[in-house]
Amino acid sequence: MEKLTIKTPPDILSFIGHTLGFWPKESLVCITLNDNSIGATLRIDLPRQPGQELPYARTVAHYLTSDTTATSLLFAVYTSEPCQPGHPKPHAATIAALTGVLAEQGLTIRDGLFVGDQTFSPYDGEPGHELALPVSSTQTSAINAEFIYRGSAVQPTNQVTLPTSSQALAKAAAVEHHMDTIQSLPAATATSQARELWAGMLDSVSFPSDDDFNALVANLQFPAIRDRLIADIPGLEEPMQRILFAQTDGAPKWSRIEWAQQLLLHAYTRTSPQHAAPVLTTIGYINWWEGRGSKAHQFLQLALDTDPSYRLARLSDQMIGSGLVAGWNMNKETAFKALPFE
């Protein structure tokens, strides 16, 4: 795929929106650079309380320095807080702390943007004097046009909206029927048949039958089978534990992972609340693999809404909340990315 070049501030903001999949709110976004090539993109909520600037900066720097090839970075502060002439920009203390911590790590900040609700401007410009451009100008940028041409879109928020499901009782009965069959089989046979079904779905280019979806949901109800099916998603022949924690030597097949997410969302519409937690947890896990921590958290919370005792959802949410990043995203050769850019 031909590389694309980011040339203007609207291009940068368009790139951020399409890379994240949504327009950030009250966020700091950083993009690492190696000479003129883009590396990792990090979005993190802005600190809510004063006095947290230095610990916050150290956390951000820890994530950014995971890109060992980075030499500098760009940042954008997205906030609804207004700029007041004669006063520091909102979150100036945070950016100052981050500048110092990054300098200790050998990283320099090349440029920064201040993005409000209606306009954006250079972060280091004097309030009321710098050139402010309308946020709407991102819609006419060359990068935005290219992303849209390739099928990408920017959502107004990162709030997860699940597709609707109906006929819960009938769907629950269908899943329970498959679960009875699975329980009657030797464990090895049940796992083998589940993997064969899942592999066929992942290799297909269209949605399978409702009965196959019922069988998939039924298989996900059994923890040992569920973990094996999750590990089968990236298409890697490596130890299951290394796959689950994204610590493999080889790069995952991201197109296969994206298709798995579509299949699971489709499966969600064909199941009942009592069987939904494993499906939603698996989708959350995929989002963690892709570096979308906030979306992963939402899916895991939705899983816990349907089953507050669902152990994998709770443990996975604790793992993400602790700041653990999927190993694939620590290496630009294996990290999830939509398009190549410079």
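A hairpin of 3 residues connects strand 4 to strand 5. Strands here are DSSP runs of E with at least two residues, helices are runs of H or I with at least four, and both are numbered from the N terminus. The model is predicted: local features need pLDDT of at least 70, side-chain atom pairs count only at pLDDT 80 or more, and totals for chains, interfaces and linings use all residues. Residues are numbered from 1 along each chain as its sequence is written, and side-chain values use heavy atoms, with hydrogens and water left out.

Strand 4 covers residues 108-115 and strand 5 covers residues 119-122. The two run antiparallel and are joined by 3 bridges. Two strands pair if DSSP finds at least two bridges between them. Val-115 stands opposite Phe-120 of strand 5. Strand 5 also runs antiparallel to strand 6 (residues 133-134), with 2 bridges between them. There, Thr-119 faces Pro-134 of strand 6.

**Nonpolar core**

The largest nonpolar core has 56 residues. Such a core is a set of buried Ala, Val, Leu, Ile, Met, Phe, Trp, Tyr and Cys residues joined through side-chain atoms within 4.5 Å. Trp-198, Leu-216, Leu-264, Trp-288 and Trp-289 have the most contacts inside this core. Helix 11 (residues 276-289) supplies the largest share of the core, 9 residues.

Leu-264 touches Trp-198, Leu-216, Leu-220, Val-279, Thr-282, Ile-283 and Ile-286, leaving aside residues up to four places away in sequence. Contact means heavy atoms within 4.5 Å.

**Aromatic pairs**

The whole structure holds 10 aromatic pairs. Rings of Phe, Tyr and Trp (its six-membered ring) pair if their centres lie within 6.5 Å; planes under 30 degrees apart count as stacked, over 60 as edge-to-face and the rest as tilted. The ring centres of Tyr-285 and Trp-289 are 5.6 Å apart and the planes are at 90°, so this pair is edge-to-face. Tyr-285 and Trp-289 are 4 residues apart in helix 11, about one helical turn. Ring pairs also link Trp-254, Tyr-285, Trp-288, Trp-289, Trp-328 and Phe-336 into a cluster.

Lys-89 lies over the face of Tyr-123, 5.3 Å from the ring centre. The rule requires NZ of Lys or CZ of Arg within 6 Å of the ring centre and within 35 degrees of the ring normal.

**Accessibility of selected residues**

Buried means under 20% relative accessible area, exposed over 50%, and partly exposed in between (1.4 Å probe, protein chains only).

| Residue | Relative accessible area | Class |
|---|---|---|
| Tyr-285 | 7% | buried |
| Trp-289 | 0% | buried |
| Gln-298 | 13% | buried |
| Cys-30 | 1% | buried |
| Cys-83 | 24% | partly exposed |
| Glu-26 | 33% | partly exposed |
| His-91 | 16% | buried |

Gln-298 sits in helix 12 (residues 293-306). Its contacts are Asn-158, Gln-159 and Val-160, not counting residues up to four places away in sequence.

**Cysteines**

The disulfide count is 0. A disulfide needs a pair of cysteine sulfur atoms within 2.5 Å. The sulfur of Cys-30 has its closest cysteine sulfur in Cys-83, at 18 Å, which is too far for a bond.

**Positive phi**

Most residues other than glycine have a negative phi. Glu-26 has a positive phi, near 45°. Glu-26 lies in the loop between helix 1 (9-20) and strand 1 (27-34). His-91 also has a positive phi, near 65°. His-91 lies in the loop between strand 3 (72-78) and helix 3 (92-104).
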